[in-house]
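Hi everyone, thanks for coming.

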Amino acid sequence: MAGRALRPVVLHRLLFCRNAQLQKSRHFLSANYRCDETWNKRLENPLVSSINLGDFYYDLNQKYRHEGKVSAIDVDLFMNRIDDPNAEGVAEEVEELVRHLRRSPETANTLESTHYAVVRALLDGGHTSVLMQLLTQPMMYGLFPDHLTCNLLMHTFLQRKEYTAAARVASYLMLQEDFGPHLTQALALASCYYYITSEDNQPWEDYTPKVEEPKEEVKIRVKFLRNPYYDDHFDLKEPDHLVGKTLAWASPLVGGLVGRSCEVLGWALYGKWDELEAALDRLRTGKEHIAASVVSHVKSLIEGVEDGQVCEQLISALARLEAADSGVVEQDLSSAITQLVQEAAKEAEPLDIKIQKENYHRWEKQREEEYQKQIEEYRKKQLMAKIEHKKQDLAAREEVIFFFDNKNKLSLLLSDAKKKYYHKKSPAYPKKKKPRVIDEAYIPPEV
Amino acid sequence: MPYKLVGRTTLFRGKRLWEIIGHLKNFGEGRMVVRSTFEKYPEPTFYRIVLARPEMDTGRPHMDEDNMKGEVLVEKVFRGMHYGVINMSKVAYKPDFRLVHRHEEARYIEAFRNHKPADVDIVSPVMDMPPFLKMVAERDGHAARELKLKIGSKIKWVPGGQGGPELYEGVI
């Protein structure tokens, strides 16, 4: 077998099998990364365990109806109490509470653990669409997972082959402009790459709330109009643009063949042809190679450009790169990315697990402190109310007891007995006199 | 048909500061923003967010009155001069702000470090009287022939500059 050249069919099957095996082994992080045991210990805290979810939700709703706000510590306790993410209605309750908290001034006091608890609850319950809704609308929901949480999210989505969700988490990292340590960078790159290269992905849904528009044009008077402004960052909506920008920004941090190829692919997807040309020229002058699969994908994207001149420029730049010495290399990019992620995971996992466990402890302490602060505030408020009430009571009793002693002073306080009466001024517009109504049936009395 | 908003136009180009801060984690602590109306100055002008506490208010529906209130402290650099940490809550509602990406921040910082303030113009504290006033003063027997200037921060007249005493040369 070794001496004979492999027939194309066998070769193809071998490659395909290898690819399939690699696709199955998307195990970047071990099961320990979830720190399930330590995470479940939060339920042993009496603060958390003494809550009954149904009653607590009802109380929070009542409080929202009466006072118009929910406090951050309450929401945090609720989120941490959720032990069965698959229960009915969990996703809706979580979404509602997070929205109430975010759209109030209390949002400045949101605890760190709330973000993690919400993410864990929705992830473990499989409510991917709700999670994406919360993640992609920061003004409405304000969910900001940290790097370790993002690692867990992307890893879980890649394992479940939910590439759209993984790519959305990566684009969230790009929008925050914080790709974090090597593992998070590599996972973001991997998520975007797998989203691009896989055929049937879940749809990239737009969760912005739809405004109901009236049938006829309704004009509304406002003080000042806003000029249309597209900031090309938070306003990006197209999945290709978001994923392209994520690739283009994350790739230089990763570097290597993977980094260079993904950067070119990113700029092409995003549609920024100037940056694409600059990247291609940089590769040519730097004598660095990129993967062939990327080149073919970029070529198909360039062909879609309407502007003929720009199209030609890009095609020529690409051709120049291909013609150069070390221009293009036949390498399986997905396996290279997988290897990169696995290496980064092996390196970072023990430390990350340690940091996560420390976080859990810190959050528990924070939760208790906040709770004590709230109790103190409530106690103070009650005390003040009681004191006020007592003061009023005492003042009333005092007035009664010392009435005759203070009679003179009290009589001075009384206003002057005689009230001055002013005659009615004639109005500026005299009332119209009604014509005299003659009653026909009136018989004057006989005197 | 959508709601059509009718009102006065402005020259602002950008987003409300709260709309930018609301999208960032930790309420944009440590991020840099610029205002588009101040980009016309050649000197560097930018703000670095120190602390932000939005009120997440919602105004009347369909009138674009959301997210206008809150408290924000920023470090202000205006036209090359550093003003320290100021409270910018009252102007945060203006839809004029733009987020500066992290890889673009260095450009602004460099411009600020290299900025040399312009030389201070020393203006003479006295000025010649207008010619007619001079004639009247001479006739009435006043000794003064010069006017004392009240130099504040807004003085723009430099003797010998445009519209200086040369205008009246040879009039009398």
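Let's begin with helix 13 (residues 256–270) and helix 14 (residues 273–286) of chain A, whose axes come within 8 Å and cross at roughly 155 degrees. That angle makes helix 13 of chain A roughly antiparallel to helix 14 of chain A. The crossing of these two helices is left-handed. On the helix 13 side of chain A, the contact is made by Arg260(A), Glu263(A), Val264(A), Trp267(A) and Ala268(A). From helix 14 of chain A come Trp273(A), Glu275(A), Leu276(A), Ala279(A), Leu280(A), Arg282(A) and Leu283(A). By class, that contact has 8 nonpolar, no polar and 4 charged residues.

Some ground rules. This is a predicted model, where local features need pLDDT of at least 70 and side-chain atom pairs count only at pLDDT 80 or more, while totals for chains, interfaces and linings use all residues. Residues are numbered from 1 along each chain as its sequence is written, chains are lettered from A and ligands numbered from 1 in the order in which they are written, and side-chain values use heavy atoms, leaving out hydrogens and water.

And the terms: helices are DSSP runs of H or I, at least four residues, numbered from the N terminus. Axes are lines fitted to C-alpha atoms over the stretch in contact, with angles from 0 to 180 degrees between N-to-C directions. Under 35 degrees counts as roughly parallel, over 145 as roughly antiparallel. Left-handed means the near helix is turned anticlockwise from the far one by less than a right angle. Contact means heavy atoms within 4.5 Å. Ala, Val, Leu, Ile, Met, Phe, Trp, Tyr, Cys and Pro are nonpolar, Asp, Glu, Lys and Arg charged, and the others, Gly among them, polar.

Staying in helix 14 of chain A, Arg284(A) and Asp281(A) sit 3 residues apart, about one turn of the helix. They form a salt bridge (Lys or Arg side-chain nitrogen within 4 Å of an Asp or Glu carboxyl oxygen), with the closest N and O atoms 3.3 Å apart.

Now the second pair: helix 9 (residues 147–159) and helix 11 (residues 182–197) of chain A pack at about 30 degrees, axes 10 Å apart. So helix 9 of chain A is roughly parallel to helix 11 of chain A.

How many residues of chain A are in contact with chain B? There are 39, meeting 41 residues of chain B. Across this interface the rule finds 6 salt bridges. One joins Asp178(A) to Lys25(B), with the closest N and O atoms 3.0 Å apart.

Technical notes:
Parallel < 35°, antiparallel > 145°, perpendicular 65-115°, else oblique.
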